[in-house]
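Colleague: I am new to this structure and should like to understand the grounds for each description. May I ask you to set the values against the definitions?

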Amino acid sequence: MYVRILRTHITSTKALNALEPHISEETIRYHYLKHHAGYVKKLNELAVKQPEIATKTLDELLETAQGTVYNMAAQVWNHDFYWLGMSPNGSIADAPMTNELINKTFGSHEALKQQITQMATGNIRFMPTNNNAAHFGSGWVWATYDRVTDTLKLAATKDADNPIRLWMVKPVLVIDVWEHAYYIDYRNDKSKYTDAWFKVINWERAEQLIQKYRSE
């Protein structure tokens, strides 16, 4: 049977306030323990009804599934990546290689922030999707690594889609721009939410991902 376990650093009640004051405990209780966990529950329920998906990994489902199965699997994967990409102690000083790529691609850390903010707040172009399901939500903004050019590229995806379905790019950072990610703390002000997210980026993990992608 296909069973998902949340692979994030938020594993106890004590950690639910770890990202305050930038992301509140209340937001994490709803976002992580209800929305994220809800996608896990629904995916497992689908696996009971459709045994053919029960033996597949999450990555395999992202590559091959369609419709509701794809949406649930991708939302689990995206949320895992989102939570792991944040830390209360993140510092760009922990990521010299990533910082070099940011400067090479965007000119500065501030320029990267401005572009992600523009995409997250509605000046957004969604990447093509292989998912044929109807539009069912908001989306995600990603910083990805392009192995061909050795640069970072930004991508915005609709609904549950993510860069695993995009050719030759690998995710490094992601910000969730579904309303449940920010509305409790920032209402409809996604600019403030994006600013808060930048303050809790797990740069050490971004550095580890860049190192991994460059060695593949």
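Modeller: Strand 1 (residues 139-146) pairs with strand 2 in the antiparallel sense. This is a predicted model, in which local features need pLDDT of at least 70 and side-chain atom pairs count only at pLDDT 80 or more, while totals for chains, interfaces and linings use all residues. Residues are numbered from 1 along each chain as its sequence is written, and side-chain values use heavy atoms, with hydrogens and water left out.

Colleague: Why are strand 2 and strand 3 said to stand at the edges?

Modeller: The open sheet has three strands in the order 2-1-3, with antiparallel pairing. Strand 2 (151-158) and strand 3 (169-176) each have a single partner strand, so one side of each is left without a neighbour in the sheet. On average, neighbouring strands of this sheet are turned by 30° against each other, direction ignored.

Colleague: Which helices pack on the sheet or lie across its strands?

Modeller: Helix 3 (residues 67-84) packs on the sheet, touching strand 1 and strand 3, and its direction makes about 80° with that of strand 3. Helix 4 (residues 96-106) lies across strand 1 and strand 2, and runs at about 80° to strand 2. For these angles, axes are lines fitted to C-alpha atoms, for helices over the stretch in contact, and the angles run from 0 to 180 degrees between N-to-C directions.

Colleague: Why is strand 1 called largely enclosed?

Modeller: A residue is buried under 20% relative accessible area, exposed over 50%, and partly exposed in between (1.4 Å probe, protein chains only). Eight of the eight residues of strand 1 are buried, so the strand is largely enclosed by the rest of the structure. Both of its faces are covered, with G139, V141, A143 and Y145 on one side and W140, W142, T144 and D146 on the other. In strand 3, seven of the eight residues are buried, so that strand too is largely enclosed.

Colleague: How do you know that the length of helix 5 agrees with its number of residues?

Modeller: The expected span of a helix is 1.5 Å times one less than its number of residues. The twelve residues of helix 5 (residues 109-120) should therefore span 16 Å, and the end C-alpha atoms are 16 Å apart, which agrees. Just after helix 5, G122 takes a positive phi of about 125°.

Colleague: What covers the buried residues of helix 5?

Modeller: The cover includes helix 4, strand 1, strand 2, strand 3, helix 7 (190-198) and helix 8 (203-215). The buried residues of helix 5 are A111, L112, K113, I116, T117, M119 and A120.

Colleague: Why is W203 called buried?

Modeller: W203, in helix 8, has 3% relative accessibility and therefore counts as buried. Contact means heavy atoms within 4.5 Å. Leaving aside neighbours within four places in sequence, W203 is in contact with residues including G90, I102, L112 and L173. W203 and G90 are 113 residues apart in sequence, yet their C-alpha atoms are 5.6 Å apart in space.

Colleague: Why are T27 and S24 called buried?

Modeller: T27 has 1% relative accessibility and so counts as buried; S24 is buried with a relative accessible area of 15%. T27 lies in helix 1 (residues 25-49), and S24 lies in the segment before helix 1. Not counting residues up to four places away in sequence, S24 touches L16, I184 and D185. With the corresponding neighbours left aside, T27 is in contact with Y32, H180, A181, I184 and D185.

Notes. Helices (H or I, at least four residues) and strands (E, at least two) are DSSP runs, numbered from the N terminus. Two strands pair if DSSP finds at least two bridges between them.
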